[in-house]
Amino acid sequence: MGTAYDSLGLCVTPHFDSDFRHIGLMHSDDEGKTWIFDRWVLTAEEVCFTRAYDPGAGLARGQEIGKIGLGSGDFSLYVEPDGEYMYLVYNILRVDMENFSWEGCDVCIARTRKRKDGIMGDFVKFYNGNFCEAGNLGKETPIVSLAWHARISYLRKYELFLMTSCPMRPGKDISGTIENVMEIRTSEDMLVWSAPVRLTRNGKEFGNHYVALCSDDKISPPNVVPDDGFSVLTNHNGTDVLRYKSKFIKK
């Protein structure tokens, strides 16, 4: 409706993907036919506009022109199968609006308690060693750097968490900034992660713009893998989702 803007100002298509991101909550009372927006549940500490363009923020001041954050977004959801929390795993993108380049892509995490009364609680961000900052406008500490669209699965047999993502490399060529290669990391607590491992298939690097690991059985939640068998799902923007049936094999 003519109100869309990016880091530089009003636009139809964002300049070098420098549009701003938030995570919102919606619900449906008719099995997904219509949706009602409830509220924003995750927004970055920095305001999501710059001194180059004010969308009508009143006394609020935009980020200084230069290296900026694009907000909290590009997320996935992990729901503990046996625990009391659900987690949002999200990206904080950083760009240089003067050089038209992507400078960073950090993975952060926030959580909220599960409830049984039909109410959704507030999310709390992980910051400086604890879940302690507000989901909206609070600070965050990255758990992984230079990783695009991270997703966490739980490997029940091995009692480990596994993160899938694609590597991000800072630079001006936005089309090549995100490498279409699947990387995996492991963790015992979802906070401290191993070094990434780039995957190959038939002697070539394997992956796509978006990657995910999910369970194959009909009982487990999608992100809980009970045994050695699982599937890898991949796709790009506006393309079909491809499924690769896989399994863990001991060397």
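Two rings of Phe, Tyr or Trp count as a pair here if their centres lie within 6.5 Å. Keep that cut-off in mind as you click through this predicted model.

**Stop 1: the aromatic cluster.** Select Tyr78, Tyr85, Tyr87, Phe126, Phe131, Tyr154 and Phe161, which together form one aromatic cluster. Now zoom in on Tyr154 and Phe161: their ring centres are 5.1 Å apart and the planes meet at 50 degrees, so this pair is tilted. Both Tyr154 and Phe161 are buried.

**Stop 2: a charge over a ring.** The charged end of Arg111 sits over the Tyr85 ring, 3.9 Å from the ring centre.

**Stop 3: a pair across the chain.** The model has 15 aromatic pairs by this rule. One to pick out is Trp148 with Tyr210, a tilted pair at 6.3 Å centre to centre, with 35 degrees between the planes. Show strands β8 (residues 147-155) and β14 (residues 210-214) to see the link between distant parts of the chain: Trp148 is in β8 and Tyr210 in β14, 62 residues apart. Are the two partners buried or exposed? Trp148 is buried, at 6% relative accessible area, while Tyr210 counts as partly exposed at 21%.

**Stop 4: the largest pocket.** This one holds about 380 Å³ of space. Select Leu199, Phe230, Val232, Ser246 and Lys247, the closest to its centre among the 16 lining residues. Next, colour β12 (200-201), β16 (229-235) and β17 (242-247), the elements that each give two or more residues to the lining. β17 gives the most, with four. Colour the lining by class and you get 11 nonpolar, two polar and three charged residues.

Methods. Residues numbered from 1 in each chain as written. Predicted model: local features only at pLDDT ≥ 70, side-chain atom pairs only at ≥ 80, totals over all residues. Heavy atoms only, no water. 1 Å grid on protein atoms, 1.4 Å probe; cavity = no way out; pocket = protein on both sides within 12 Å on 5 of 7 lines; lining within 4 Å. Points joined across faces, edges and corners; volume = space filled by probe spheres on them. Nonpolar A, V, L, I, M, F, W, Y, C, P; charged D, E, K, R; others polar. Phe/Tyr/Trp six-rings, centres within 6.5 Å; stacked < 30°, edge-to-face > 60°. Buried < 20%, exposed > 50% of the residue type's maximum accessible area, 1.4 Å probe, protein only. Lys NZ or Arg CZ within 6 Å of the ring centre and 35° of its normal.
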